[in-house]
Amino acid sequence: MSATESAVSSALPVAASAPVVTQAQVEQAPAQLGFAHFIAQTDVVGQSLFVILVLMSLVSWALIVIKGVALFQRQRRSKAFLNFFWNATSLEAVQHEIATHGVNEPFAHLTSHAMHAQAHHARFGAAKLEEAGTAQEFLTRTIKKVLDEDTMRMESGLSVLATIGATAPFVGLFGTVWGVYHALLAIGATGAGTLDKVAGPVGEALIMTGVGLAVAIPAVMAYNWLTRSNRVWGARLDAFAFELFTFLSTGQTLKGSQPDATESATVRAIKKPAAH
């Protein structure tokens, strides 16, 4: 046997024992470096941060859906009530409409309480401290109280959206810092600082920043949208409260303040019950 044949025969067992890397394994390696791999490899702190972000996202989307549906219904119902109110022939008709269909939006709620306050003060007078003063003063306090209640009801939940929008990016950033820290520890322990060893762990850690932004952006956008809508409806409710106070106090609307002011000025005031 020649020297060349001996070298070849001695190399055959080594070549046979070497692992064979297939195309499927090459394609599978990058696929393992993903979001699921990061969650599986992270510790309790990273998993807890991820659960917090998921809960924040669920809460924010639940508030967005609930407040959005409530806003749509409030717009539709308020438009219908205002159209009925300014075309009614008397406050008795408005009172009957409220008693029949109930109160399901801010304008009807304000009108119901204001009319009840006027009738109550005319019947019983200032029987308690909260009813002290003239009928107009009592009516003013009642309207202001109802406005505050409706404003608080419309703004409920917005502070939660603002908090989520402000804190979610920092929660994700903390998760990223924590993941990068552990990735650097692993790289230092193995002594492999090449790009292929660094890109996977660091890239997986950066996923937490993306999750934090994905949670925060919808919350911030919804907060701005709902805040502006509530501000617009609050201004309209304040204007209607001024109109309602003037009408209940004098029996006449402010001329020119409504599109059909001539027709609205002929509306009869509600009859005050005689005092016993």
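Of the 276 residues in the protein chain, 33% count as buried, a term that stands for under 20% relative accessible area, while exposed stands for over 50% and partly exposed for values in between (1.4 Å probe, protein chains only). This is a predicted model, in which local features need pLDDT of at least 70 and side-chain atom pairs count only at pLDDT 80 or more, whereas totals for chains, interfaces and linings use all residues. Residues are numbered from 1 along each chain as its sequence is written, and side-chain values use heavy atoms, with hydrogens and water left out.

**Overall fold**
- The protein chain has 11 helices and 0 strands, where helices (H or I, at least four residues) and strands (E, at least two) are DSSP runs numbered from the N terminus.
- Among contacts (heavy atoms within 4.5 Å) with a separation of 6 or more in the protein chain, 75% involve residues 24 or more positions apart.

- The structure holds 2 salt bridges, each defined as a side-chain nitrogen of Lys or Arg within 4 Å of a carboxyl oxygen of Asp or Glu.
- K144 pairs with D148, their closest N and O atoms being 3.3 Å apart; because they are 4 residues apart in helix 7 (residues 135–155), about one helical turn separates them.
- K144 is exposed at 52% relative accessibility, and D148 is partly exposed at 37%.
- R153 pairs with D150, with 2.6 Å between the closest N and O atoms, and these two residues, 3 apart in helix 7, are also separated by about one helical turn.
- R153 is partly exposed at 49% relative accessible area, whereas D150 is buried at 2%.
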